[in-house]
Amino acid sequence: PDVVSYNTILSSARGEWQRALSFLEDLISGEGPKANIVSLGAALAACEQSGQWEAALSLMQWARSAHLAPHGVVRVLLGCMRVAQRWQEALQIQQELRAWDGMTFGCVLGVLEKSCSWQVALNSILPDMQKRSVRPESHAYSALLGACTAWAKTGQEVEAAACGARLLQRAKDAGEANDVVVEAMLCLLEQAELWQEALNLLGEERRRPPNLIHYATVTSACAKGQRWEICLELLRQLDQDSATPDMVLRSTAISACERSFQWQDALSILAAMLEDLITPDSVAYSSTMLACNKAGRWDLSLKLLEKALRPDYKPDDAISVLCAGLGAYAESRDWQQAMERLLQIELLVPRAQAKHWLQDAQSTAMFAALQPSTWEQCLALLPGEAELASIGCAVRACAIGRNWHGALQLFAAEIDFPNKREKVNLWSATHLACQAADTPQPLMPELNQLA
């Protein structure tokens, strides 16, 4: 076989980096056809998809010794660094290859964005580009705006958003403000919780057909600002434009309704999804169920639970639905069903990515058992490292069971109170436990002093 055949095999080994390197080794050491720049690019692509950045660096060193110009595959090489979030190595590659063109700078900025190294991107690479008179391309502007989003996560939302606005204007002036750049700016405004600015930008960029990704991001920004009515208006706009909102957009709108206690609107959006033959995801179902729980319509939530659970859900998705159902059983004070759901959640937690699920579920199950006949079961659910909500629930269980001694022990534990109000609330529950148990008077001044 000739080198073209080998390159075809190499290109088919996507994600199988060891197989790709084995074929490349045959080309390097064998007596047949020799590797060329296409062979190198295909092997690097396999390393990129597998996150094998060290193997990619070794290939670059080999290419230089074999007098193959790595400049031709620098995009793929830096893509390996981006997947592995190795921004220092990306800067080193650029320095060694002396690649100061716009494309390479954009790739380096992409690595920095992925690594959340926003300070290097904004304070080092961007000034270097200006010094070298290198004009940023659209993907560079997108990465710079992504760096601003990482900056906004540090609590400096206003400063980051202002920097992003300047970058967007420069991109517009240079004719580089494509959909990807606009979306990056919208994500920054969402992170900064500047829903009005996001809405204004969407209005400026409104076109036919509408960009559903833009609409989803703006809807999320409005949801964070608890502007559920604007989320519904955005859905109506899409309907007027004969555009069908996708699952992500509608799920985001349902989340906005849930945060603002608009359970009827949440149900309406979910019903519209089913009418349009769009299968709701776990976010749509769990958010609608939570909205019903908050409104005291746990009966509707339990009806949705039967439809929501699917065997193809990932652990975190299944747990989110089960937690919403657990909340419905807690509202209905059906602690036996709540315990069954808690057991299902406990079995899924080891395979879940988020680790907060178990404590949340235990706290909800404790609330379900907050009854005269089951207060002891409530206490038994209290985890070793309990959060304030669980401790408060346990103290109230002690009050129901007239267990003043247990209530005092819980209150005296080392608790990190977020504010004085929470401490007073817990003290009030402890006080009630002592009153319910007709505790001798000498203990009361001690509680009053703690308050």
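Q: Is L232 buried or exposed?
A: L232 is buried, because its relative accessible area is 12% and the cut-off for buried is under 20%. Keep in mind that this is a predicted model.

Q: Which helix is L232 in?
A: L232 belongs to helix α14, which covers residues 228–240.

Q: What does L232 touch, leaving out residues up to four places away in sequence?
A: On that count, L232 touches C257, D265 and I269.

Q: And how far is L232 from R250, C-alpha to C-alpha?
A: Their C-alpha atoms are separated by 9.3 Å. Along the chain, L232 and R250 are 18 residues apart.

Q: OK, the helix pair then. At what angle do α14 and α15 cross?
A: The axes of α14 and α15 (residues 247–259) cross at roughly 155° and come within 8 Å. Angles over 145 degrees count as roughly antiparallel, so that is how α14 and α15 run relative to each other.

Q: Left-handed or right-handed crossing for α14 and α15?
A: The crossing of α14 with α15 is left-handed.

Q: Which residues meet there, between α14 and α15?
A: From α14, they are W228, C231, L232, L235 and L238. They meet L249, R250, A253, A256 and C257 of α15. By class, this contact has nine nonpolar residues, one charged and no polar.

Q: What about the spacing in a helix, why do residues three or four places apart point the same way?
A: An α-helix has 3.6 residues a turn, so residues at that spacing point the same way.

Q: Next pair. How do α5 and α6 pack?
A: Helix α5 (residues 74–84) packs with α6 at an angle of about 155°, and their axes are 9 Å apart. The angle makes α5 roughly antiparallel to α6.

Q: Where is Q94?
A: Q94 is in helix α6, which covers residues 87–97.

Q: Buried or exposed, that Q94?
A: Q94 is buried, with a relative accessible area of 3%. Residues up to four places away in sequence aside, Q94 touches A99, W100, T104, F105 and V108.

Q: There's another glutamine, Q156. Where is that one?
A: Q156 is in the loop between α9 (138–152) and α10 (157–173). With a relative accessibility of 33%, Q156 counts as partly exposed.

Q: How far are the C-alpha atoms of Q156 and A192 from each other?
A: They are separated by 8.4 Å. Q156 and A192 are 36 residues apart along the chain.

Q: Switching to α4. What should its 13 residues span, at 1.5 Å a residue?
A: Helix α4 (residues 53–65) should span 18 Å. The C-alpha atoms at its ends are 19 Å apart, which agrees.

Q: Which residues of α4 are buried?
A: The buried residues in α4 are W53, A55, A56, L57, L59, M60 and A63.

Q: Backbone now. What is phi of L277?
A: Phi of L277 is near 60°, which is a positive value in a residue other than glycine. L277 is in the loop between α16 (263–275) and α17 (282–294). Its relative accessible area is 79%, so L277 is exposed.

Q: And phi of R402?
A: Phi of R402 is near 55°, again a positive value in a residue other than glycine. R402 lies in the loop between α23 (388–400) and α24 (404–412). R402 is exposed, with a relative accessible area of 56%.

Q: Last one, α21 and α23. At what angle do they pack?
A: Helix α21 (residues 357–368) and α23 pack at about 20°, with axes 9 Å apart. That makes α21 roughly parallel to α23, and their crossing is left-handed.

Q: Which residues make the contact between α21 and α23?
A: Q359, S363, M366 and F367 of α21 contact A389, S390, C393 and A394 of α23. The contact of α21 with α23 has five nonpolar residues, three polar and no charged.

Key:
Residues are numbered from 1 along each chain as its sequence is written. This is a predicted model: local features need pLDDT of at least 70, side-chain atom pairs count only at pLDDT 80 or more; totals for chains, interfaces and linings use all residues. Side-chain values use heavy atoms; hydrogens and water are left out. Axes are lines fitted to C-alpha atoms, for helices over the stretch in contact, and angles run from 0 to 180 degrees between N-to-C directions. Helices (H or I, at least four residues) and strands (E, at least two) are DSSP runs, numbered from the N terminus. Angles under 35 degrees count as roughly parallel, over 145 as roughly antiparallel, 65 to 115 as roughly perpendicular and the rest as oblique. A crossing is left-handed if the near helix is turned anticlockwise from the far one by less than a right angle, and right-handed if clockwise. Contact means heavy atoms within 4.5 Å. Ala, Val, Leu, Ile, Met, Phe, Trp, Tyr, Cys and Pro count as nonpolar, Asp, Glu, Lys and Arg as charged, and the others, Gly among them, as polar. The expected span of a helix is 1.5 Å times one less than its number of residues. Buried means under 20% relative accessible area, exposed over 50%, partly exposed in between (1.4 Å probe, protein chains only).
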